[in-house]
Amino acid sequence: NEALDIIKGIDAIPQPKSNPEPGWYLASQIKSSIIVPEEVALYPPFFYNLIKTKDPSEFEDLVFQLLKLIGINNICKIDRKRQAGMEDGFFVFRNLAVIYDCTLKTDLTDKEEQINNYCRRLDDVVELSCKSKGKPFNIKNKNKQVWIITRNKTQTIKEYPGDNGESILVKEISINDLIEIYIKRMKENLFEEELERILEDLGI
């Protein structure tokens, strides 16, 4: 993605001289060979940290902001004081219910038991409780998925067979694809029905 490549390469752009004389300066002379796509002007500043940070806690916080930014409002971020192995958050968007976990790791093999726990939780309950929201999220008869959000590629990891006959899709979701959804929302009139379909079909 050209726009994301530009964000990743920001470190290489020369910085203005220190202690300049008072006045206005033309910043476009920094690097004339760079053509900045129009949508980059719409990027929130935190996108840079989302792509660059090496701090897992900051990554979790920024993913939460990104999910809200693309239009997911019924979302709960789990307190960081939670027990080890718990999810980072969950959300409900129309008919989609998702437990998500954020990681900077590229190898997800050590998360297999955690993932199974998330699936069992979705399969066992009809409501997900969020203290900050004040009322539980009803997930009965929802399309249930588990997302492991990374900087890797988006793909379906496995299909977990639920006890009620409905399977739960487990996916690795790339922040790059979530940012692409944000760009789509900025450029087009993206209605809830279409956004729901895009979110459901990620990695399929």
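Me: How many residues apart are Asp-201 and Arg-197 in helix H6 (residues 192-201), and what separation is that in helical turns?

Reply: Start with the elements. Helices (H or I, at least four residues) and strands (E, at least two) are DSSP runs, numbered from the N terminus. Within helix H6, Asp-201 and Arg-197 are 4 residues apart, about one helical turn. This is a predicted model, where local features need pLDDT of at least 70, side-chain atom pairs count only at pLDDT 80 or more, and totals for chains, interfaces and linings use all residues. Residues are numbered from 1 along each chain as its sequence is written, and side-chain values use heavy atoms, with hydrogens and water left out.

Me: What links Asp-201 and Arg-197?

Reply: Side chains of opposite charge can pair when their charged atoms come close. The cut-off for a salt bridge is a side-chain nitrogen of Lys or Arg within 4 Å of a carboxyl oxygen of Asp or Glu. Asp-201 and Arg-197 form one, with their closest N and O atoms 4.0 Å apart.

Me: Is Asp-201 buried or partly exposed?

Reply: Read the relative accessible area: buried is under 20%, exposed is over 50%, and partly exposed lies in between (1.4 Å probe, protein chains only). Asp-201 has 37%, so it is partly exposed. Arg-197, at 43%, is partly exposed too. Salt bridges with shared partners also join Arg-94, Glu-192 and Glu-196 into one network.

Me: How many salt bridges does the structure hold?

Reply: The count is 10. One of them pairs Arg-121 with Glu-87, at 2.0 Å from N to O. Arg-121 sits in helix H4 (residues 112-124) and Glu-87 in the loop between strand E1 (75-77) and strand E2 (89-93), so the bridge ties together parts 34 residues apart in sequence.

Me: Which accessibility class does Glu-87 fall in?

Reply: Glu-87 is buried, at 3%. Another salt bridge joins Lys-184 and Glu-188 at 2.9 Å, N to O. Lys-184 is partly exposed at 26%, and Glu-188 is partly exposed at 39%.

Me: How many helices and strands does the chain have?

Reply: There are 6 helices and 8 strands. From the N terminus, the order is α-α-α-β-β-β-α-β-β-β-β-β-α-α.

Me: What share of chain contacts between residues at least 6 apart in sequence join residues at least 24 apart?

Reply: A contact means heavy atoms within 4.5 Å. Of the contacts between residues at least 6 apart, the share is 61%. As for burial, 42% of the 204 residues in the chain are buried.
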